[in-house]
Amino acid sequence: ENLNRSHKSNSLLSVMMQPSVLKPLILINAFNILQILSGTYLIVFYAVDIITEICNFDDDPNSPQFSTMQSAVLTALIRLLLTMVYCCLLLRCKRRKLYLSSCILSAIASITLSSFLYWKGTTTKSFNDLIVIGILMLLYISANTCSMLMPGIMVGELLPLRVRHWAGMIFTAFNLMLFGVTKIFPWLRYAIKTQGLFMMFGCSSLLAFILFYWFLPETKDRTLNDIEDYYLESNWIWQKRSKKADENDQS
């Protein structure tokens, strides 16, 4: 507190350049970009279009009957239920373990689904193919849903209290980026096809995993002052943090 009072300038730029503010800001905004590219919201906005292209039915009456609209509603309900599940898990689980598990499982499911779609090509999907696609989609949605909760929690637990009133700028920038990606999505889907989109989703989730593994501090059971003290240290990388110091914090 004395260090904060000693700053003569209270301008936005001077405050943002403080290590305890700048480091979490970079982490949060980097994750926001990766979250958008990992398809967290795109799969919601364009669920019908994505599922329709994945199924790729022809006019053969013997082809399995499948309602893309019902499947889109089902994915939305699954996300709603899983959001409540993750909210409960956040009360008990370590933040890092939950976030890392979500990112790596999302990456594995997306890349596997993309590889399967590349293998099948544009051929009409059989019933067994739809089962495989459905399972992989369910795994991807289940793991990726956790990332919907992360930005708000990261803002609340990483940023110092004195700059919390400026957090609206983060969400404004996030919404602008999401708006831009959403508008170019139809062109992107035409250019790289659905299998390419899921490869992008998987690679972005994998990059988010790497980002969190190296730079995200554990915030559960730590106060805002603990997190601010950590960011005032010279290192950026959580993995280089002394395990002994970590144990002392927890004790």
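From the N terminus on, the elements of the protein chain run α-α-α-α-α-α-α-α-α-α-α-α. That is 12 helices and 0 strands, where helices (H or I, at least four residues) and strands (E, at least two) are DSSP runs numbered from the N terminus. The model is a predicted one, in which local features need pLDDT of at least 70, side-chain atom pairs count only at pLDDT 80 or more, and totals for chains, interfaces and linings use all residues. Residues are numbered from 1 along each chain as its sequence is written, and side-chain values use heavy atoms, with hydrogens and water left out.

Let me turn to packing. Of the 251 residues in the protein chain, 43% are buried, that is, under 20% relative accessible area with a 1.4 Å probe, protein chains only. Contact means heavy atoms within 4.5 Å. Among contacts between residues at least 6 apart in sequence, 79% join residues at least 24 apart.

Leaving aside neighbours within four places in sequence, Met154 contacts Leu27, Ile28, Phe31, Leu159, Phe212 and Leu216.

Helix α10 also holds Thr194. Why does Thr194 count as buried? Because its relative accessibility is 1%. Beyond residues up to four places away in sequence, Thr194 touches Ile50, Glu53, Ile54, Leu117 and Arg189.

I now come to the cavities. A cavity is a set of points on a 1 Å grid over the protein atoms alone where a 1.4 Å probe fits but cannot get out, and lining residues have an atom within 4 Å of a point. Grid points are joined across faces, edges and corners, and a volume is the space filled by probe spheres set on the points. The whole structure has 3 cavities of 30 Å³ or more.

The largest cavity holds about 60 Å³. Its lining includes Phe31, Gln35, Ser102 and Ser205, with 5 nonpolar, 7 polar and no charged residues by class. At least two lining residues each come from α3 (19–37), α7 (95–120), α8 (127–144) and α10.

The second largest cavity has a volume of about 50 Å³. Met154 returns here, in a lining that also includes Arg95, Tyr99 and Glu157. The largest share of that lining, 4 residues, comes from α9.

Key:
Buried < 20%, exposed > 50% of the residue type's maximum accessible area, 1.4 Å probe, protein only. 1 Å grid on protein atoms, 1.4 Å probe; cavity = no way out; pocket = protein on both sides within 12 Å on 5 of 7 lines; lining within 4 Å. Nonpolar A, V, L, I, M, F, W, Y, C, P; charged D, E, K, R; others polar.
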